[in-house]
Amino acid sequence: MARRRRFSEDHDPAHGPHPMRNVFRWGVADRLLGRREIRPAGRPAPRERPDLERLLEPAGPPRLTWIGHASFLGTLGGGRFLIDPVFSDRVGWVVRRHVPPGLRPHELPPLDALLVTHCHYDHLDAASVLSLPRDVPVFVPLGLGRWFGRRGFTRVRELDWWEPAPAGPLTVTLVPSRHWSRRRIADTNRTLWGGFVVEGDGAAVYHAGDSAWWEGFREIGARFPGLLAAMLPIGAYDPAWFMEYNHMNPEQAGRAFQELGARHLVPMHWGTFKLTDEPLREPAERMRQWWSEHAPDGGRELHLVPVGRTIVLER
């Protein structure tokens, strides 16, 4: 189960959480000195009614339904997977939701896999996870299985970076990201973090979890050539001096998409929770601008969609 060393020691020694002096500057000093501009949330991401009939059909082309923030329901090769589900009105008890989730737990179809990328509260929400059946197959990074076992989940598999596992008709692989983990004050990097590649019926989709920009995107694209879709975070980047150590801005996400070589870009991590200082819709506006200036050729598509929409991924 959980290793007693910090994972940054051998997984990503070039990276880790900010030292406390930086946290103090960001959270206290810059605010008191007027050097930090916290802009109003503004309008959240739009939302539309989900197509529940389509969600109940396991057959058909690959599909992704955006639940909000980093939460997706996916259908691929007859298998269904749920990634980083958050249905709650708040995360971490204090950060409120600005747009209702695109799906509620009772609207979900049967699942072949529940995937959780890391332990931060906006990706691992206890109330949301506990709304799911305890026998759903769960796939998590190293060290995080104990959290699920203590809550009665009976089919939990921990994965290291680049480790694959079968999930019904699917194969799921934990892949690296540049991030970190902490759920309590004293457990920094005691559990691993990452993204997932999900494969089925000759297609593969990638969910980055949380990640700063790093050179690892090219290796993911090389190991999984011909990715059908990349779900990439584009929000939580302001102020840049502090946030880009752990998160990407829209332009960096565009660069990551190019490195990955995927066909469909599905931006996430925007418009739902105001975690940092930029307005909720600014990441989407910047992503559209980047795409208009740098749109990759070869039939690649950008999907900036309302919460609740199901994206059909044309091959």
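Visitor: Is Leu32 buried or exposed?
Guide: Leu32 is exposed, because its relative accessible area is 71%, where buried means under 20%, exposed over 50% and partly exposed in between, with a 1.4 Å probe and protein chains only. This is a predicted model, in which local features need pLDDT of at least 70 and side-chain atom pairs count only at pLDDT 80 or more, while totals for chains, interfaces and linings use all residues. Residues are numbered from 1 along each chain as its sequence is written, and side-chain values use heavy atoms, leaving out hydrogens and water.

Visitor: And where does Leu32 sit?
Guide: Leu32 belongs to helix α1, residues 20-32, helices being DSSP runs of H or I with at least four residues and strands runs of E with at least two, numbered from the N terminus.

Visitor: New topic: how many aromatic pairs are there?
Guide: The count comes to 11 aromatic pairs, where rings of Phe, Tyr and Trp (its six-membered ring) pair if their centres lie within 6.5 Å, and planes under 30 degrees apart count as stacked, over 60 as edge-to-face and the rest as tilted. One of them is the tilted pair of Trp93 and Tyr121, with 5.4 Å centre to centre and 50° between the planes.

Visitor: How far apart in the chain are those two?
Guide: They are 28 residues apart, with Trp93 in the loop between β4 and β5 and Tyr121 in the loop between β6 and α3. Trp93 counts as exposed at 69% relative accessibility, whereas Tyr121 counts as partly exposed at 26%.
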